[in-house]
Amino acid sequence: MDAREQAEGEKRVRDLLVEPLLRRGLVKPGAMTKAQFEEMLADLAKRLAYMSGPNLAALEEMAAAQPGGNQGSE
């Protein structure tokens with residue numbers, strides 16, 4: 001993936017995953033600073049930049065359906 005594709009992918013992650021989750025109520029964990037939270041979101045966008053729009057939308061729906069995470073299921 002070249003730099004242009006990476007940047008487009010990161011924007012796609014922000015538009016289709018991060019922003020919708022923030023609108024649904026995703027909040028910064030209390031133990032994390034605002035800068036750490038933004039860094040985590042940027043890292044997430046970098047790591048998921050390869051994903052297609054439909055797959056990101058599906059991931060957003062799955063994450064929204066489990067607002068507390070997948071705690072205690074293992």
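In this predicted model, Glu 60 is found in helix α3, which covers residues 53–65. With a relative accessible area of 6%, Glu 60 is buried, because values under 20% fall in that class. The side chain of Glu 60 makes a polar contact with the side chain of Arg 24, at 2.5 Å. If neighbours within four places in sequence are left aside, the residues in contact with Glu 60 are Leu 16, Leu 17, Pro 20, Leu 21 and Arg 24.

Arg 47, by contrast, has its place in helix α2 and counts as exposed, since its relative accessibility is 60% and the cut-off for that class is over 50%. Between the C-alpha atoms of Arg 47 and Asp 15 there are 15 Å in space, while the two residues lie 32 apart in sequence.

The packing of two helices can be described next. Helix α1 (residues 3–23) and helix α2 (residues 34–47) pack with their axes 8 Å apart and at an angle of about 125°. That angle makes α1 oblique to α2, and α1 passes α2 in a right-handed crossing. On the α1 side, the residues that meet α2 are Gln 6, Glu 10, Val 13, Arg 14, Leu 17, Val 18 and Leu 22, and their partners in α2 are Phe 37, Glu 38, Leu 41, Ala 42, Leu 44, Ala 45 and Lys 46. By class, this contact of α1 with α2 has 9 nonpolar, 1 polar and 4 charged residues. Leu 17, listed in the contact with α2, is also one of the residues in contact with Glu 60.

Methods. Residues are numbered from 1 along each chain as its sequence is written. This is a predicted model: local features need pLDDT of at least 70, side-chain atom pairs count only at pLDDT 80 or more; totals for chains, interfaces and linings use all residues. Side-chain values use heavy atoms; hydrogens and water are left out. Axes are lines fitted to C-alpha atoms, for helices over the stretch in contact, and angles run from 0 to 180 degrees between N-to-C directions. Helices (H or I, at least four residues) and strands (E, at least two) are DSSP runs, numbered from the N terminus. Angles under 35 degrees count as roughly parallel, over 145 as roughly antiparallel, 65 to 115 as roughly perpendicular and the rest as oblique. A crossing is left-handed if the near helix is turned anticlockwise from the far one by less than a right angle, and right-handed if clockwise. Contact means heavy atoms within 4.5 Å. Ala, Val, Leu, Ile, Met, Phe, Trp, Tyr, Cys and Pro count as nonpolar, Asp, Glu, Lys and Arg as charged, and the others, Gly among them, as polar. Buried means under 20% relative accessible area, exposed over 50%, partly exposed in between (1.4 Å probe, protein chains only). A polar contact is a pair of N or O atoms within 3.5 Å; within protein, one must be able to donate a hydrogen and the other to accept it, and residues adjacent in sequence count only if both atoms are side-chain atoms.
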